[in-house]
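Morning, everyone. Let me put one model on the screen and walk through a few local features.

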Amino acid sequence: MIKFRLSCLILLIYQITFAQTMIFGYLKGDKDTPLDQATISLGEDRATQTKSDHAGYFQFRDVPAGTYLVIVNKYGYVPATFTFTVSSDELKKDLGEIKLEYNPSQADVGVITLSDDDLSTDEGSSVGQTGIGLLQSSRDVFSRTAAFELGAYWFRVRGTDNRYNNIMFNGIPMAKSHTGRPDFGNWGGLNNVVSYPYELAENNTVSDYSFNDLGGTTYYDTRASSYRKGLNLSYSFTNRTYQHRVIATYSTGMLASGWAFTFSGSRRWMEEGVIDGTYNDSYAYFASIEKKLSDKHRLNLTAFGTPSRRSGSSPNTQEAYDLRGKNYNAYWGWQDGEKRSERIKRIFEPIFMLTHYWDINNKTKLTTTASYQFGYNKSSRLNRFEADNPSPIYYKNLPSYWESVDNKSEHDYFLNAWKNNDTSITQVNWDRLYNANYNAPYYTDPYSGETGRRASFFLVDDVIEDKTINAATHLQTQFADNWKFFLNVNYQNLASDNYREVNDLLGADFVINKSSFLKGDGSDTSIDDYDIMNPGSVARKGDKTEYYYKLYRQEVVANATTRVNINRWDVAVSVLFGWNEAYRDGQFKHGLYADNSYGKSGKENFLELGLRAGVTYKINGRNFITINSAYYESAPTLNEIFANPRLNNEVSPDITNQKINTHDITYTLRTPSVRARATGYYTKVKDAIEISRYYAQGVSLDGNADAFISEILTGVKKDYLGAEFGIDWKIIPTLTLTGIAAVGQYTYKGNPNLYIMSDVSPGVHDYGTSYIKNYKITGTPQKGYTLGLRYSSPKYWWAGVTGNFLQDIYSDISALSRTKSFVMEDPVYSYEGATPETVKDILDQKQFQDVFMLNANIGKSFRFGQYSVGVSASVNNILNERGYVTGSFEQGRYSSYSQLAEDQARNNPLFGNKLFYDRGRSYFLNVYLRF
């Protein structure tokens, strides 16, 4: 009896000491209707989540004593956050009824907006009409506003480009091995299924699903049952990157049979955009099928793809814009009464994923995904053989050239043609190209004996065909009530075919597989042959020409993250280990690089290590201090390892990992009426490598002829220093004031080494130091400000207006023009007139005007039982500001002081900066039906 009583006493003490509580509550909307399929997260890191059922009921089991933050998200409702405390003697805690405020304007908050613009130009610069990039939802007022307001004008948070964004689907990274950048076009148009990330770890914070990068981690879980049940139909009308968009999405939710299905499809198209001669015809599809095998095991199959076809727009000098206006595009011309573009991008890279979800126990989960992606990315352009450049903006086709050579008659002829828009001069003259081919010399194929007209002009496709296998696993467990652990392991294997393919012979019979920029001697091993194993061969439509090589890369990345909560402190630490290997396998034996173009290169191996930590101190329930810090290494991409892969196996000199050191400190305020955040940050990047490809003079074999070069900068140092502030103030329940400020200073710190690889001169040429220290890093305004007001009516309509101000906008520089060779004719004599003062003057980095952009939006939602209908409209750049330069770069065509000084002295420089201007006023109208 004594033993029994003693056992009961011990059991009672254990229950009191170690008891864990069940938390439960009910979600209600307007008119006290239950809200199902809402996401309820326990803790700021959202590591523990559940969903409400058809009665609005939710629960968390085995919650230890402590104070917790609850975050409630429901599509079309204002997110709710609150805290509660669990005492050690509570076995159950009833949170009661939680009311969510219906707000139709929230229905599209969080939608990722994708731009179909190219991520870079075809001029070898990465600063062209860049895509908007990732616009992401966030509870943080600064990040949300910067994305939706400033991001619409090519503003990059903290100055970094999307190479530093981690985008993941079910644990599979979406970054391309060639560039390190995600291709947003792979899921463009699938807005309904990528609207709300499962995890959003911003900037320098710690992620549970990857070792976070400078641009943050966005993780999508495409489980079929996670999507809103029902049918969603929408139509959009706009003048942005498309004119019409239709989307249909249907989700069954989890059926009684244990199956769940979600399907989505869309089309975006326009006949012609704001920029002359541009069009878009893009489709998208998505399918997710889930099977619940048991309470612990689920399988999900996901497939999506976005077959698209769109035309590009050209960067132009100011002279061309002055003559033809800001909508001018040199890439198209008339053919048979229709506009035909030479720059067409066609992409179709479908991906298939199989994911296994395993709830090992109530504290441990394992998610494993295998995927396969394949397809093509084709970009067309005009090519030529022993013929003049057919581009309308080739410098000899502009009035300024004829003025520079004092030929008044030709100057007047071209000036009148451009002013009067003679499209035989100002646009691609397709008739002239066909006529040239009809009258081209005859050539006999040495292999088939066929005689035909060899093409002077022809259309080619630069083709990338990637085949990528991925495997990823994510383990999460809870060692103790306040201690969580996450482990991620990823494997990737890439095999990539890269080649140039004949697209259209434009009336000719074939193309000769020789370069007209190299002068061969006619022997069987002439340097002008693209493939000396088949000298003098020809290529017909669909055949490969000029270059053909394969790239291989495999990678293993592992990272572990742990989170510990101790009283007022939240501490997170993440470590990284990565290994990758890459090599090139040339399929053509190029005449200029006969010993270094065919066959396999050596294998380049890189190890990645990293450490990241984040600490949050909770002053109280409304005030928080957060410090994040990281040091890690990032391996070079394929494009950085092989600087001129089209012609040879040469590896970039001094190739090594980037070293990234980044820190920030943040103060956060959260009250019922005010949410604010202030951050200071500093990031230092060392040993980066930058590759630019363009035409230059004076770097060829004879020192005078033009050459297409690969410019390689090694040992690049960059500093990103800045501050961010954001505030969201609910002045009255229906009126909210939002303001943000982003003040940055992004500069090169140090003078890297510059090397040149040329298409007409073999080898790697060392040009010594490039003096770029303290020049600005470009691709984004360095400062941005937003101030806005938003009215949300209880009658389910809203309206808002915002003003955006952008400052410190610079043109990208030519590193070659900052080397000693620029001012030296030879190692002894400098160019006449080259003094420190005159050199500094002509190499001063171009800064463009500050701009103000005014935006407005309005919307209304209607509910008819289970049906929800809404209409919204927005207008950006209401004042139609057309002076905003969204991208610019120095051409780098002249590689000597005397040439550039003479050119800059002209009224219209022959090789002035190439520019992209903003499209001006844009609008977006959306109508949806959901039930």
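Start at Ser817. Ser817 sits in the loop that runs between β43 (809-810) and α9 (836-842). On those labels: helices (H or I, at least four residues) and strands (E, at least two) are DSSP runs, numbered from the N terminus.

Some ground rules. This is a predicted model, where local features need pLDDT of at least 70, side-chain atom pairs count only at pLDDT 80 or more, and totals for chains, interfaces and linings use all residues. Residues are numbered from 1 along each chain as its sequence is written, and side-chain values use heavy atoms, with hydrogens and water left out.

Back to Ser817: buried or exposed? Buried, because its relative accessibility is 4%. The cut-offs are under 20% relative accessible area for buried, over 50% for exposed, and partly exposed in between (1.4 Å probe, protein chains only). What does Ser817 touch, neighbours within four places in sequence aside? Phe822, Leu843 and Tyr894. Contact here means heavy atoms within 4.5 Å.

Next, β48, residues 914-917. Both its faces are covered. Lys914 and Phe916 are buried on one side, Leu915 and Tyr917 on the other. In a regular strand, side chains alternate between the two faces of the sheet. β48 pairs with β47 (885-889), antiparallel, over four bridges. Pairing requires at least two DSSP bridges between the strands. Phe889 has Lys914 in β48 as its bridge partner.

Last, an open sheet. Four strands, order β9-β8-β11-β10, mixed pairing. β9 (172-173) and β10 (199-201) are the edges, each pairing on one side only. β8 (166-169) and β11 (217-220) run parallel over four bridges. Met168 stands opposite Tyr219 in β11.
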